[in-house]
Amino acid sequence: MEIGKKEQSSMHTDFSNLDAMIEENFNEGNIGYLYNRLDEEVRNDNVTRARYLIEKANLDVGYPGILDGAIMDNHMEMTTMLIEHGADVKKCTRNLAPVLVNVCMAYGTKEGNPNYTDMIELLLKNGATLFYDGKDYGKCLCDDSKPPQFLCSPEARELLAKYLPDKQNRYCDIENGKKLWRPHPHSLAERLEEAKRICTQRNDRPPQDRGRDKGRER
């Protein structure tokens, strides 16, 4: 595996100043300052220094805002390192929504938005979800219009359809041959509309396919 220039240079980093800073703030009980320094290293994408701070000072990567900063700044290597050190991608962020919701909304359809495709896939592969504490936040990704206008890109919806577990993934649209996630219907009217849509899809398919569906439902 080839090591990038950034990582090569960081391998020779002198950590003596970090050691002195860690010891001084531990002795004075300034743990909050250490987390502020970690947040700064994360935002600046200094992976080696952030890792050293976490391991040397035994910092909790679940501290509010640490993982959020790496994800929303689209720092792939930093996010991977934090996950390896125990960061929970299922937790809510500072604005009380699952981080997956935030990054999907950030990767919207407006020109100039960062491409979060790899980040979304990384989070989903590590168990990120649209649910938190029993609440479904999928509705945050579309508005109330009929049909709904999605606040995330087709690429994000395709990844959600691919990786989310079945209970969050059974409601999908097929567009241009691609399976795209759509939110779970909550109200009775939405569930009836969803049932009609599924029946229509099944009736449009060959009889042998509809027979396989019946076999799975038994």
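I will walk you through the aromatic pairs of this structure and the residues around them. What we have is a predicted model, in which local features need pLDDT of at least 70 and side-chain atom pairs count only at pLDDT 80 or more, while totals for chains, interfaces and linings use all residues. Residues are numbered from 1 along each chain as its sequence is written, and side-chain values use heavy atoms, with hydrogens and water left out.

Let me begin with the rings of Phe, Tyr and Trp (its six-membered ring), which pair if their centres lie within 6.5 Å, and whose planes count as stacked under 30 degrees apart, edge-to-face over 60 and tilted for the rest. By this rule there are two aromatic pairs. Tyr35 and Tyr63 are stacked, at 4.0 Å centre to centre and with 10 degrees between the planes. As for burial, where buried means under 20% relative accessible area, exposed over 50% and partly exposed in between, with a 1.4 Å probe and protein chains only, Tyr35 is buried at 11%, whereas Tyr63 is partly exposed at 33%.

The other pair, Phe150 and Trp181, is edge-to-face, with 6.5 Å from centre to centre and 65 degrees between the planes. Phe150 is buried, its relative accessible area being 18%, and Trp181 is buried too, at 2%.

What lies over the face of Phe150? That is Arg157, at 3.6 Å from the ring centre, where a charge sits over a ring if NZ of Lys or CZ of Arg is within 6 Å of the ring centre and within 35 degrees of the ring normal.
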